[in-house]
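Me: I have a structure open and would like to learn how to read it. Could we take a few features in turn?

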Amino acid sequence: MAVAGISRRQALKSVAAGAATTAILAHEAVAAATTPPRKHHWGMVIDTQRCVGCEACVIACKIENMTPPGVFYTVVTREPLPGSRNDRPVFMTKPCFHCEEPPCVPVCPVNATYKRPSDGIVVVDYDRCIGCRYCIAACPYGARWFDFGDDFQFLPAAGDQVSPEYKQYRVRTPDGSPVGNVRKCTFCLHLQDESGEYDRSAGRWPACAKTCPGHAIIFGDLDDPESEVSKILRERNAVRLKEELGTEPSVYYLL
Amino acid sequence: MAALSEWHGRLEETALAPVRRTGLRYWALVAFLLAVIGWGAYAYSVQLRDGLVVTGMRDRISWGLYIATFVFFIGISHAGTLISAILRVSQARWRTPVTRMAEFITVVALVCGASFVIIDLGRPDRVLNVFIYGRWQSPIIWDVLAITTYLTGSITYLFVPMIPDLALFRDRLAGRTSRWRGWLYRVLAIGWNGSAAQRRSLASAIGVLMILIIPIAVSVHTVVSWIFAMTLRVPWNSALFGAFFVAGAIFSGIAILIIVMAILRRAYHLHEYVTEKHFVNLGFLMAAFAAIMIYANISELLVHGYKLEEGVEFHFRQIFLAEFAPLFWFYLLGGLVAPIVIALLPATRNIRGMVVASVLVTFAMWIERYVIVVTGLHVPLMPYEPASYAPTWVEWSLLAAGLALFALLITVFTKVFPIIAVWEVAEDHEAMVGAPGAARRAARPAALETQDV
C-alpha cells in the first residue's frame, strides 16, 4: 500500500504530527484572542521609615473588607532587622504581594485562584475553592488566610455582615462562601471602576494606603512611569522580600 | 495421600469457619467500632455545622492531624503491595498464607485515607470540583490520579487471586447460607470451574497485575510526599522526600500487617497457616526498613544540619529540643531503633516481640507524619512569633473514628471473604509434599507449627 514511496506508517505519523501542531497553534491562538492585554501592574511601595506601627491599615482593611475574626489581609510585624546592632523594631505592614510568579497559583487543584491577566491581582474564586488550603502552604509570605467560620461577637447578627469583596456583596452565613474558603488581600479591587481604574481623589483607593496616617503605604501602577510608585522606585533603593525565591513580588519596601 | 486430603479438608474448614460461625464477641466488637464511628460522625457534624474553626488549625498552621492521618493511612496501604506483589515477584513462598490479609489492608487503608482528605476540606460539598476543574500543575491532582489508580488496581489485585476461593465458597456454601451470600459468591466467582485454561489465564493475569501494582504503589506515596516537597517550606525542602515516604509507607505497612495477622490468627485459629515464621520473617523485613529509615533520617538531617540555614536552625531546635522533641525522640528511638533491637535479640524474636515492635512502629509512624506536617508549617515565614497547634476533641474523635472504620472494614471483610488464599496455600503445600525430598523440607515448618500451637 505504499503510495509514492510513503508507507502507511509514515503517512499516519505525519498526519498525527500535523494534527498535534494544528491543535497547539489553535490553542495558542485562542489563548491570545481571549486573554485581555495587561493594562496595569498594580503594586505598592511601603516605607518602613515612615511607619509608626499604629496598625490603622489593619483596622481599615478589616472594616473595608468585613473580614471575620482570624482573617487579616494585612498585618504589621515588629521585629528588629536580623543582624542589626540595636533592638529597635522595624514595622512592616504586609499585604499580599501579588507576585508576578505566584507560587500559590499553580498548586490550586481546581483553578480557583489565579492572577488576573489585566492587572496582575491574584484573586480567589469563592464559588470554586474547595478549601484544601494548599495555597496557604505554598505561599512563602504567609499572605493567605483561611475563613475557618469564626464569627463576629460584638456586632449585629452574623447574617447582616456584607463584604464588598470582588463586588459580590456576599451576606455572611455560616455555611456559605467565603466560609470554608481561602481569602486574601485583593488590593481592594472592588473599588475599581468598570474599566479597572482606581481613583484616589474619589476615595476609590486600597483601604490601607488610603488610611495610613504617615503615608507609608504608596499604591500605584508599576507599569506607569509617571506613577508615584514608579518614581520612588527610580529614586530610592527598594527591596523585595525573599527575592531569592524568584516570586517577583509587586510590593517593595524602603528600609 | 490420605494425609494430604485430610490436610486439604482442614484448610478449607479453617477458611470457611469465619463465614459459618459468628460468635458474640464478633458482634460486641462490631458494636463497639460502630459506636466509635458514630461518635466520629457526631464530631464531623459539629465541624460541618460550625466550620473548621472547631479544629485546632488556624491561619499559620493550616494543616494538622487530618492531613497527618491521611498520609499515615496511605502509607499503611503499602502493606498489600509489598507482601503480595514484591514477595510474589521474588517468589518468597512463605508469604502465601498472609497475602490475602495484606491485600485487604491495602484496599481498606486507601478508603480510610481518602476520607481524611475530604474531612480536611473547608468545602467538602465541592469535592467534585477536582474532577470538573482539575488543574494538572497541582500536586493534589497528581495525588487524586495516583490514589484512584492505586485503589482501582489494588481492588483488582485483591479480587483476581480470590476468584478460585470465591468459587470454593460458592460450592461449599451452596444452599447452606443466606441468599445474598450465595448470590454474592456466585457473581464474584464469575464461573470459575478450575479448568486448565482458566488456571492459565489466572496465572498470567496475576503475573501482569503483580508487576503493574508495584510502580503504581511507589508512585502513590511519592506523589503524597510531593504535596509537601513542592512548596517553599524549609523542613519539606527535600528531594529525598519521595523515597523517604515510600520507605516509611512500606515500614508502617508491615507493622500493621503483623498486628492484623496476630489478631486474625487468634480470632480465627489460623495457627497452622500463620506461624511464628511469618512473624519473624516480616519482623526482619521491618527491621530492614527501620534501617533504611534511619539511613534516610541521617542523610536528611545531616545534609541540612551541617549547613544550618536560618529556617533549618529553628526546625532542628523544635524537633530535637523544644515543642516536638518528645514526639521526635520517641519516633527515632522507639520507632526506628527498638524494632531492630527486638528483631535481633533471640529472646524477643518471637510473635509477642514482633507484635510489640509493630505497635511501636505504628505509633511512631503516625507521629512521624504528624511531626512532618505540623513542623513544616510551624517554622515562621516572616519575623513573627511562631504559631501553635493542638488538635481539638473533634480532630481526635475523627482520628478514633478513622481507626475504627479501618478495623470495622477489616472485620466485616473477614466475615464475607476468604481470609487465607486457600488455593495458593494448597498449591504450595502440594508442591512441597509432592516434590522429591519433600519430607525433609516439610519437616522444618511442621516443627515450627507444633512448637507454636
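Reply: Start with two helices. The axes of helix 3 (residues 65-76) and helix 10 (residues 196-229) of chain B come within 10 Å and cross at roughly 165 degrees. Axes are lines fitted to C-alpha atoms, for helices over the stretch in contact, and angles run from 0 to 180 degrees between N-to-C directions. Helices (H or I, at least four residues) and strands (E, at least two) are DSSP runs, numbered from the N terminus. This is a predicted model, where local features need pLDDT of at least 70, side-chain atom pairs count only at pLDDT 80 or more, and totals for chains, interfaces and linings use all residues. Residues are numbered from 1 along each chain as its sequence is written, while chains are lettered from A and ligands numbered from 1 in the order in which they are written.

Me: How are helix 3 and helix 10 of chain B oriented to each other, roughly parallel or roughly antiparallel?

Reply: Angles under 35 degrees count as roughly parallel, over 145 as roughly antiparallel, 65 to 115 as roughly perpendicular and the rest as oblique. Helix 3 and helix 10 of chain B are therefore roughly antiparallel.

Me: Which residues of helix 3 and helix 10 of chain B meet?

Reply: Two residues are in contact if their C-beta atoms, placed from the backbone, lie within 7 Å. Here Val71(B), Ile74(B) and Gly75(B) of helix 3 meet Val220(B), His221(B) and Val224(B) of helix 10. Four of the contact residues are nonpolar, two are polar and none is charged. Nonpolar covers Ala, Val, Leu, Ile, Met, Phe, Trp, Tyr, Cys and Pro; charged covers Asp, Glu, Lys and Arg; the others, Gly among them, are polar.

Me: What is the strand order in the open sheet of chain A?

Reply: Strands of a sheet pair through backbone hydrogen bonds, either parallel or antiparallel. Two strands count as paired if DSSP finds at least two bridges between them. In chain A four strands form an open sheet in the order 10-1-12-11, with mixed pairing. Strand 10 (217-221) and strand 11 (238-239) of chain A each have a single partner strand, so they stand at the edges.

Me: How many bridges join strand 1 of chain A to strand 10 of chain A?

Reply: Five bridges join strand 1 (residues 42-47) of chain A to strand 10 of chain A, and the two run antiparallel. Trp42(A) stands opposite Asp221(A) there. Strand 1 of chain A also pairs with strand 12 (residues 251-254) of chain A, in the parallel sense over four bridges.
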